[in-house]
Amino acid sequence: MRDDLLRLTNDALATVFGGVPADPQAFADGVVDRFATHVNHGILNARKSVTEAGDHVSVEWDGEGSLIRDVHGREFIDLLGGYGVYTLGIRHPEVIAAVHAQLARSPLHTQELLDPLRGYFAEVLAALAPAGLTRAFFCNSGAEAVEAAMKLAMWATGRHTFVAAENAFHGKTLGALSLMGKERFRGPFEPALIDCERVPFGDAAALTAVLECMDPKPAAVVLEPIQGEAGAVVPPDGYLAAVRAACDDHGVLFVADEVQTCLGRTGAMFGVDHWGVVPDIVTLGKGLGGGVVPIGAVLSTPALWQVWEADPFIHSNTFGGNPLACAAGIAAAHVTVRDDLPGRALKVGERYADTVGELAAAYPELLEAVTGRGLLQAMHFATNEIGYEVAAGLFRRNVLVAGTTANARAIRIEPALTIPDELVDESLNRLADTLREVAGKERA
Ligand code: PLP
């Protein structure tokens, strides 16, 4: 048993320390076996990397920027960006350098002494955030940030219900799941832990009507400024300002879930910045750690923070704001501001939106619309099957997008904000080629 286990850990460590496996096929087969036996067999059925890779299963190996290579040396253009994690691409050198240096000094914190980077990162976020959101709490994921935001709202108001949007996505932990718009994810766990009213996204009158009726009032309205998972849905101009006003009228807090939209993704530092709206609480995640270390955060005002300051341990965690994550986050914020990545996201996003829009006009039977802002765009296909065929066709052409057999009607384009112009052009050529092929098949 001991020898077997040591052989296993040695093999696994060779994957970390060694070069590309000499027999990539045997290596890939082993990965599939381990997923099937010890992780979750269902994942294999849902992945295009398994079903559409042709003569081999695609097992990721390395990458940089917007290029990812599998263990067979096949190279993909990454338009998926880890669902928004890779705002700076894969292995951004300045983020890696900061994390390496911090790793050499002290990777995690003592929990008792004051860790210097946490204070720095909180100050950096206060400088970037909408005015007045000068306090930060750190955690390890988007869902955890939403949990903390919900608790803060409940704590500060003494109320225990929420309002969220249809089709919203705020994470899958039990509290955040109560806000979940998608029945598929929420249904099996109902009744929800927390009561939540749902309103159509983008309809300020509907929200106002709900707030008027609710008695007692909810603790907060929680919204993504631009819905991500729902398919890059941009609300009408004026919506978020109307939400802000309705919340103020009814003494309800406004929480903006910026887990997916933060740090320049949509062409502004935060999604709410497109409309100049200041929420009471903001949640952050995904790209916050520069695509290198997971980190989530909650930002809010000194006034709301008072309840937390009275007892900082009512909500706390072990790893949140650890030195590695903060080193990554500070370096990522530095690069984002220095290189004006929000500005670049806006420009490159327009290029995608324009070209995909032209393709929608050329193939209306396949592609119904393109929505989004900056580099959070989505292609909306006529049917789930067509979406899947396009995702699979792109995969065969070495372009990585999301899209599973169960969910491909809206496919997001969410590449790194640093994606080079040549890869933008090349990915659009391959998309045009894929649509031509799928249209040919549909017409036949
Ligand atoms: N909130 C939003 C807006 C998201 O898009 C996501 C993830 O997609 C989450 C929360 C949950 O984040 P995580 O998967 O890191 O828990």
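Please keep in mind that the structure before you is a predicted model.

Which residues make up the surroundings of the ligand? They are Ser141, Gly142, Ala143, Phe169, His170, Gly171, Glu224, Asp257, Val259, Gln260 and Lys286. A nitrogen atom of the ligand lies 2.7 Å from a polar side-chain atom of Asp257. On the oxygen side, a polar backbone atom of Gly142 is 2.9 Å from an oxygen atom of the ligand, and an N or O atom in the side chain of Gln260 is also 2.9 Å from a ligand oxygen. Taken alone, the ligand exposes 390 Å², and 80% of that is buried by the protein.

I now move to the second largest pocket. Its volume is about 650 Å³. Of the 21 residues that line this pocket, Arg118, Phe137, Pro312, Phe313 and Ser316 lie nearest the centre. Helix 7 (116-128), strand 4 (135-139) and helix 13 (302-310) are the elements that each give two or more residues to the lining. By class, the lining divides into ten nonpolar, seven polar and four charged residues.

Four strands form an open sheet in the order 1-2-3-13, and the pairing is mixed. At the edges stand strand 1 (60-64) and strand 13 (399-400), each of which pairs on one side only. Strand 1 runs antiparallel to strand 2 (residues 67-70), and the two are joined over four bridges. Within this pair, Glu60 has Asp70 of strand 2 as its bridge partner.

Finally, some points of backbone geometry. Where do we find cis peptide bonds? One joins Glu190 and Pro191, with omega at about 5 degrees; Pro191 sits in the loop between helix 10 (183-186) and strand 6 (196-199). Another runs from Asp215 to Pro216, with omega near 0 degrees, and Pro216 belongs to the loop between helix 11 (204-213) and strand 7 (220-223). Arg91, although not a glycine, has a positive phi of about 60 degrees. That residue, Arg91, is placed in the loop between helix 5 (81-84) and helix 6 (93-105).

Thank you for your attention.

Definitions and conventions: Residues numbered from 1 in each chain as written. Predicted model: local features only at pLDDT ≥ 70, side-chain atom pairs only at ≥ 80, totals over all residues. Heavy atoms only, no water. Near = heavy atom within 4 Å. Polar contact = N/O pair within 3.5 Å; in protein donor to acceptor, adjacent residues only side chain to side chain. Areas by Shrake-Rupley, 256 points an atom, 1.4 Å probe, with all protein chains shown as cover. Pairing = 2+ DSSP bridges. 1 Å grid on protein atoms, 1.4 Å probe; cavity = no way out; pocket = protein on both sides within 12 Å on 5 of 7 lines; lining within 4 Å. Points joined across faces, edges and corners; volume = space filled by probe spheres on them. Nonpolar A, V, L, I, M, F, W, Y, C, P; charged D, E, K, R; others polar.
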